[in-house]
Amino acid sequence: MNRKIAIAGYRMKAASDLVTTRERLTFELTRGLFDDLGIDRDHVGTTIFATNDFLDGRTISNVFLDPPAGVYMRDESKVEMDGLSALVYACMRILSGQYETALLVAFGLCGSQVSPYLHVEYTLNPTYDRQLGLLNELSAAGLQARSFLNKFGYSEDLLDEIAARNLRNAALNRDQARGIKDASAKDIKDSSYLYEPLRELHTYPATDGGCAVLLASETKAKELTDKPVWILGMGQSIESYYLGERNLYESRSTREASGRAYAMAGIDKPEAEVDFAEVSSLFAQQEPILTEALGLYGPGDAEKAYAGDNGIAGSLPVNPSGGPLGAHPICATGLFRLNEAIKQLRGEAGKNQVKKAEIGVVHGQDGVCAQQNTVVVLGI
Amino acid sequence: MEETRIVNATWDVSTFKYRIEGQGLTRMLSGMRDAKLIGIKCSKCGTVYLPGSFYCRKCHIEIDEAIEVGDHGEVMTYTVGYADVRGNPLEEPRVSPMVKFDGCDAWVMGALEGVKPEDVHVGMRVKVAWAEERTGSLQDMQYFIPE
């Protein structure tokens, strides 16, 4: 990159019901972030939203979100995708040399105001997939889970272990919407099947949540904070929309995206150089699929990894925050991973803190079964 | 913050009109009238798409070579649903596999009948159960049954 870019600060909020409006949430997140940093909206060069018109119930929904974000008489643009895609766009705006700071605002109110599954239903091809009447977000995830378990010969117990680990970690983290203290694999198995092998507690919770993040050029970041977190690399990749045209047990696009991000960050051996990962695994099986695609664990290593290596105290922790099984505010989830990584890198993750946190990798996804993937490498 | 109000309103997405390219779905549907599965093959890389596409994902060229694929195939993955896609409970669990038909590269989703959920496995051979009266619609391929 021709300029260094850092994250200067963030604000995040999640619950099953935040009892708020989109405008108030936008206002409180941005006003709170500016107060944290001791700045005003005059310090913001440009703003990028990551929200979804369908979820917001209005076309070009940023028209009513700009003013509460402090964008009055300024410029703003929107990415109708996961917030990590918006981060890549915001970085480009700073790299252009035109701006010294870029504000990201992302949220989804799928806990209280719109069904999280509905937008995926309307993502489906109207003339084929919808007519067939067999696919929705959960049945697609069930197909993916079965494909993964079968490929490596795992039993459904692995999904229970993954979900239990995440819900235990989420219970330690006050920024999560759902957690289960001391959750065991049995607790997970006691939840009902939705689409076999997927059970209720293998899936993300309907979540209200959002965040605001301020990116800054090197000079500006050092003015704003003593603890800048640097963006070392970024990569994105998209595969076929049709599930039938992918190998569901792997994520080739995440592998492509991470290859680009690692090359930019100068990382040759991710399994040795990366200290931890925060990935947008919306369903239990996606966590090992994604960490394998990120080059952190080998294919078929999942059982060994979940025996301890990828836990909070392990050698290469994955989702020490509890991940999206604790909160999935659609559009903000990738930036939630980013914020959790910032906590780790700054040593502010409390009971979720990993031992060594100098290089972290974060991941965001869009589309059914992670069709589009973004990978960002962070460092201090 | 005094209160949050919920306003009930409708948003009828079904009023959209979708225009589709003929080579893919239309050819698949017309083939179904004759109890055949018709895919489209890329002239460059040889990938066979079903339902067909007018372009190749990988080569990014226009394609239109119709090719018949087998109506027998292998279960690549499956799920057992306890509710329909809108979340309404089903009386009996429904097995929905993705099947890779012989001579085809894509996996096709459908319902599987004639086998208990606990007896389904990845790798099992299945075939299409065609409707007696076929009209050239997706319903012609009623469901899959064990080979």
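Trainee: Which strand does strand S2 (residues 46–50) of chain A join through 3 bridges?

Mentor: This is a predicted model. Its strand S2 of chain A, residues 46–50, runs parallel to its partner.

Trainee: In what order do the 9 strands of the open sheet in chain A stand?

Mentor: The pairing in this sheet is mixed. From one strand to the next the twist averages 25°. The order in chain A is S3-S2-S4-S7-S1-S8-S11-S10-S9.

Trainee: Why is one side of strand S3 (76–78) and of strand S9 (276–278) of chain A left without a neighbour in the sheet?

Mentor: Strands of a sheet pair through backbone hydrogen bonds, either parallel or antiparallel. S3 and S9 of chain A each have a single partner strand, so one side of each has no neighbour in the sheet. The reason is their place in the sheet: both stand at the edges.

Trainee: What angle does the direction of helix H4 (residues 83–95) of chain A make with that of S2(A)?

Mentor: Helix H4 of chain A packs on the sheet. The strands it touches include S1 (5–15), S2, S3 and S4 (101–109) of chain A. The angle between the directions of H4(A) and S2(A) is about 165°.

Trainee: And what angle does the direction of helix H15 (residues 333–346) of chain A make with that of S1(A)?

Mentor: Helix H15 of chain A also packs on the sheet. Among the strands that H15(A) touches are S9, S10 and S11 of chain A. Its direction makes an angle with that of S1(A) of about 115°.

Trainee: How far apart are the C-alpha centres of domain 1 and domain 2 of chain A?

Mentor: The domain assignment gives domain 1 as 5–113 + 208–224 and domain 2 as 137–201 + 232–380. In contact are 31 residues of domain 1 and 29 residues of domain 2. The C-alpha centres of the two domains lie apart by 24 Å.

Trainee: Which element gives the largest share of the lining of the largest cavity?

Mentor: The structure holds 5 cavities of 30 Å³ or more, and about 130 Å³ of space lies in the largest cavity. Of its 15 lining residues, those closest to the centre are A:Tyr128, A:Asp129, A:Tyr242, A:Gly244 and B:Trp107. Helix H6 (129–132) of chain A and strand S6 (107–109) of chain B each give two or more residues. The largest share, 3 residues, comes from S6(B).

Trainee: How many residues of the lining of the second largest cavity are nonpolar?

Mentor: About 80 Å³ of space lies in the second largest cavity. Helices H7 (137–152), H13 (286–293) and H14 (302–309) of chain A each supply at least two lining residues. The lining has 4 polar and 2 charged residues. The number of nonpolar residues is 9.

Trainee: How many residues of the lining of the second largest pocket are charged?

Mentor: The second largest pocket has a volume of about 530 Å³. It is lined by 22 residues, and A:Ser240, A:Glu245, A:Arg246, A:Arg252 and B:Lys58 lie nearest its centre. H11(A) gives the most to this lining, with 3 residues. Besides 6 nonpolar and 6 polar residues, the number of charged ones is 10.

Technical notes
Residues are numbered from 1 along each chain as its sequence is written. Chains are lettered from A and ligands numbered from 1 in the order in which they are written. This is a predicted model: local features need pLDDT of at least 70, side-chain atom pairs count only at pLDDT 80 or more; totals for chains, interfaces and linings use all residues. Side-chain values use heavy atoms; hydrogens and water are left out. On a 1 Å grid over the protein atoms alone, a cavity is a set of points where a 1.4 Å probe fits but cannot get out, and a pocket is an open set with protein on both sides within 12 Å along at least five of seven lines; lining residues have an atom within 4 Å of a point. Grid points are joined across faces, edges and corners, and a volume is the space filled by probe spheres set on the points. Helices (H or I, at least four residues) and strands (E, at least two) are DSSP runs, numbered from the N terminus. Ala, Val, Leu, Ile, Met, Phe, Trp, Tyr, Cys and Pro count as nonpolar, Asp, Glu, Lys and Arg as charged, and the others, Gly among them, as polar. Two strands pair if DSSP finds at least two bridges between them. Axes are lines fitted to C-alpha atoms, for helices over the stretch in contact, and angles run from 0 to 180 degrees between N-to-C directions. Contact means heavy atoms within 4.5 Å. Domain bounds come from an automatic or database domain assignment.
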